[in-house]
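Take a look at the model below.

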Amino acid sequence: MPVRKSIQDVTDRIAARSALTRRDYLDRIEAAREQGVHRSTLSCGNLAHGFAACGPSDKARLAGTRTLNLGIVTSYNDMLSAHQPYGTYPDLIKAAARAIGATAQVAGGVPAMCDGVTQGQPGMDLSLFSRDVIAMATAIALSHNMFDAAVYLGICDKIVPGLLIGALTFGHLPGVFVPAGPMPSGLPNDEKSRVRQLYMEGKLGRAELLEAEAKSYHSPGTCTFYGTANSNQMLMEIMGLHLPGASFVNPNTPLRDALTREAARRALSLTAQGNGYAPIGHIIDEKAIVNGLVGLHATGGSTNHTLHLIAIAAAAGLHVTWQDMSDLSDAVPLLARVYPNGVADVNHFHAAGGMGFLIRELLESGHLHEDVKTVWGAGLSNYAVEAKLLEDKLTFEPAPARSGDPRVLAPVSAPFSQTGGLKLLSGNLGKSVIKVSAVKPEHRVVEAPARIFHSQQGLQDAFKAGELNGDVIAVVRFQGPKSVGMPELHKLTPALGVLQDRGHKVALLTDGRMSGASGKVPAAIHMTPEASDGGAISKIRDGDLIRLDAEAGTLTFLGDEREFLSRTPATEDLRKEHYGMGRELFAGFRALVGAADRGASVFG
């Protein structure tokens, strides 16, 4: 079915506003392609350094001029569950390359920090900045010019966006993203949240809390809720950078290993030395970006991608705005209910039909561009399948005609909502985004007095002291990219959830982040202009009446607007808490970083 006019209109205006920058980007990657891989022109000393550690057969192949060499950029570490499975991937990939007469080398590693570990800790100040560090580390890994193609091993919050930004700087190279998959289901996510709230109320102790957390996060693989990590995997598949059906296959299974080997072979088949040249800079165009946004809305994905997709697009010469995202949200139905948007996890989503079912439904209803390039060939319909092993052979079968569980994955004919899971809020306080898919309709409009905080801890202390006993819009400011690197603020959720359960009208307003785990409390996040730039959020005072209307898409100060605008902005000097470990080390980042609605990035 032809793409719907509402989708095409957004695509066309992205292409129009990006015409010059996209053309410049394509010219640059074409020039890089024409120069070719420099391995064949390296001096003997340079080349000897490049293969000195290889075995004899690989060394002999790399000494020639025709052997294809695959670069591996990996986020492996064995402290984090999502990345631990990557420890075995280089050997699988190298063996797959050798089997077809090619070679593969680990080009470099990138840092992979976990927001789950650093949540509420000083290390969280480094979280968003790590995306840009990863992008630069990826480019450094590829800068040796030893590689004809690359595979990118990454899965979690900032890692995949950073890898993709870095890959796009070497956009003349083909590249395939290789996931590790989610851990098997453990303690249900809603039960974990219940225990967290009881702990916050003092009704359970630390031992009971730790037991619940350990039963939730219990083995290698990604966390099973639908946060940024799993939103990343959805995006890589719907944008054509994964193999079809690869996103949500559990680690350490025969199917997972078969997909990894095939990813290596596929990347090598796309090089400039063959007939199927498909560089990553050609795959990621305005249609791929719009397809990614459609998938994000249709699944109620992570609000972090309102930052990341802007930065990713900019790396490919494309200019995407929050208004583009909001307009697409109005045009895309919500088809998935995965925690925190429901009680199911990503394993249930995958079992119900997963990405193949979702993509087919959206294609047949005209919500996705079919005419795109992917690592699996021309046309997104190639992804309306599920991957299987039949007699130890990797095969791809049509996605099921019906959802295996309509409570988790719905058809377009019977969506959970006619509009998407993310929404733009605007008004006299500026602009922000909100994840509405997890918020019940009766909680989507909140009119309440403001209570000002300058840290998560400040709000938690006020809650524990019994100071939050009524309707409130908690304003947590000086959390933006120029203040402390825009940390995630999930430590706020249990306290605010308790207040909501007590029957109070509750909302959050912040220039920080809440990411893909944004839950049942309405949260206006990524506020821009941020407090450090003198934005309106810096002028709010305790007791000011604020209205958050997620249905109408408005966020408004309800008092005397002229008096409000004349106020002197609060300054960061009012913060009583120390700045985290990132403040001095990353002063340069804070000087360069863009606003939230420009992707909070030093790129683009």
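Start with how much of a residue can be reached from outside. Buried means under 20% relative accessible area, exposed means over 50%, and partly exposed lies in between, with a 1.4 Å probe and protein chains only. This is a predicted model, where local features need pLDDT of at least 70, side-chain atom pairs count only at pLDDT 80 or more, and totals for chains, interfaces and linings use all residues. Residues are numbered from 1 along each chain as its sequence is written, and side-chain values use heavy atoms, with hydrogens and water left out.

Now the charged pairs. Side chains of opposite charge can pair when their charged atoms come close. A salt bridge is a side-chain nitrogen of Lys or Arg within 4 Å of a carboxyl oxygen of Asp or Glu. The structure holds 32 salt bridges.

One of them joins the side chains of Asp324 and Arg13, at 2.7 Å from N to O. Asp324 sits in helix 16 (residues 322–331) and Arg13 in helix 1 (residues 5–17), so this pair links distant parts of the chain, 311 residues apart. Helices here are DSSP runs (H or I, at least four residues), and strands are runs of E (at least two), numbered from the N terminus. Asp324 is buried, at 0% relative accessible area. Arg13 is partly exposed, at 29%.

Another salt bridge pairs Asp58 with Arg98, at 2.8 Å from N to O. Asp58 belongs to helix 4 (residues 56–63) and Arg98 to helix 5 (residues 89–99), so the pair ties together parts that are 40 residues apart in sequence. Asp58 counts as buried, at 5% relative accessibility. Arg98 is partly exposed, at 36%.

Then come Asp132 and Arg131, whose side chains meet in a salt bridge at 3.0 Å, N to O. Asp132 is buried, at 0% relative accessibility. Arg131 is buried, at 0%. Elsewhere, salt bridges that share partners join Asp115, Asp157, Lys158, Glu488 and Arg513 into one network.

Next, the cysteines. A disulfide is a covalent bond between the sulfur atoms of two cysteines. Here it is counted as a pair of cysteine sulfur atoms within 2.5 Å. How many disulfides does the structure hold? The count is zero. Cys114 is partly exposed, at 22% relative accessible area. Cys223 also counts as partly exposed, at 25% relative accessibility.
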